[in-house]
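Thank you all for coming; I would like to take a few minutes to walk through one chain with you.

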Amino acid sequence: MKKETKWLEVCDLPYCDEPEELYHKRVVIEKMRIEELREKASQLLKKSLESLTKKDYLITEIWLFGYPVEGKHNTYWVGYKKYNGEYILSCNCSAWIFNHNKNRTCKHTKLLAGQFEISEKLY
Ligand SMILES: [Zn+2]
C-alpha cells in the first residue's frame, strides 16, 4: 500500500506544457500529484474541475511555488500575493517592495506575465 502511494507521487505526469521548473518543484520537491493541483486550482480560481485549463494549472503553481525571474544582478521570485483584497503578482525586488512604480508592478512581474501570457491581477 505504501509502495503504491510512493509510485504515484514520483511518477506523476506533467500537464501539457508544464514548465520544467514547476514540474520539478511540484513532483520532486512537493510530491504533489496532478489531482491535488487540480483541486487547488479549482479552489483558488473558483472554477469547476471540468472547466480548468492548463493556464489555470500554471497560475496555481505560480501562486503556490513562485517562479524565478532573472534580473540584472539577482534572480527574483515572482508569485501571487493577496493585496487590498486582490491577488496580484508580487516580487521580492526593492522596486516592488517599496512600490517605486506606485502601481504594485515591477519589470519582473511584467516579464513573467508576458512570458506566460497571464494576468498580473488574478481577481
Ligand atoms: Zn521585481
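This is a predicted model: local features need pLDDT of at least 70, side-chain atom pairs count only at pLDDT 80 or more; totals for chains, interfaces and linings use all residues.

Lys31 lies in the loop between helix 2 and helix 3, and its phi is near 50 degrees, a positive value in a residue other than glycine.

The protein chain has six helices and three strands, and along the sequence they follow the pattern α-α-α-α-β-β-β-α-α. Along the principal axes, the C-alpha atoms fill a box of roughly 55 × 35 × 20 Å. Of the 123 residues, 22% count as buried, and among the contacts with a separation of 6 or more, 35% are made by residues 24 or more positions apart.

Helix 3, at residues 34-45, can be checked for its length. At 1.5 Å a residue, its twelve residues should span 16 Å, and because the end C-alpha atoms are 16 Å apart, the two values agree. The buried residues of helix 3 are Leu37, Ala41 and Leu45, and since they fall within an arc of 45 degrees when seen down the axis, they line one face of the helix. Helix 3 is followed by Lys46, whose phi is positive, near 55 degrees.

Which domains does the assignment give for this chain? It gives domain 1, residues 1-65, and domain 2, residues 67-123, with 22 Å between their centres, taken over C-alpha atoms. The contact takes six residues from domain 1 and seven residues from domain 2. On the side of domain 1 that touches domain 2, the largest share, five residues, comes from helix 4, which runs over residues 54-65. By class, that side of domain 1 has four nonpolar, no polar and two charged residues.

This brings me to the largest nonpolar core, and I would first recall a general point. In soluble globular proteins, nonpolar side chains tend to be buried together. Here the largest nonpolar core has 17 residues, of which Ile62, Tyr67, Val69, Val78, Cys91 and Leu112 touch the most other members. Helix 3, helix 4, strand 1, strand 2 and strand 3 each supply at least two residues of this core, and helix 4 gives the most, with four residues. The core also draws at least three residues from each of domain 1 and domain 2. If you look at Ile62 in particular, and leave aside residues up to four places away in sequence, you will find that Ile62 touches Tyr67, Gly79 and Tyr80.

Gly71 is found in the loop between strand 1 and strand 2, and with 15 other C-beta atoms within 10 Å it is partly exposed. Not counting residues up to four places away in sequence, Gly71 touches Tyr76, Cys93 and His108; Gly71 and Lys107, moreover, are 36 residues apart in sequence and 8.8 Å apart in space, C-alpha to C-alpha. The other residue is Arg104, in the loop between helix 5 and helix 6, where phi is positive, about 55 degrees, although Arg104 is not a glycine. Arg104 has 18 C-beta neighbours inside 10 Å and so counts as partly exposed.

Technical notes: Residues are numbered from 1 along each chain as its sequence is written. Domain bounds come from an automatic or database domain assignment. Two residues are in contact if their C-beta atoms, placed from the backbone, lie within 7 Å. Ala, Val, Leu, Ile, Met, Phe, Trp, Tyr, Cys and Pro count as nonpolar, Asp, Glu, Lys and Arg as charged, and the others, Gly among them, as polar. A nonpolar core is a set of buried Ala, Val, Leu, Ile, Met, Phe, Trp, Tyr and Cys residues joined through C-beta atoms within 7 Å. A residue is buried if 20 or more other C-beta atoms lie within 10 Å of its own, exposed if 12 or fewer, and partly exposed in between; C-beta atoms are placed from the backbone. The expected span of a helix is 1.5 Å times one less than its number of residues. The arc is that of the directions from the helix axis to the C-beta atoms.
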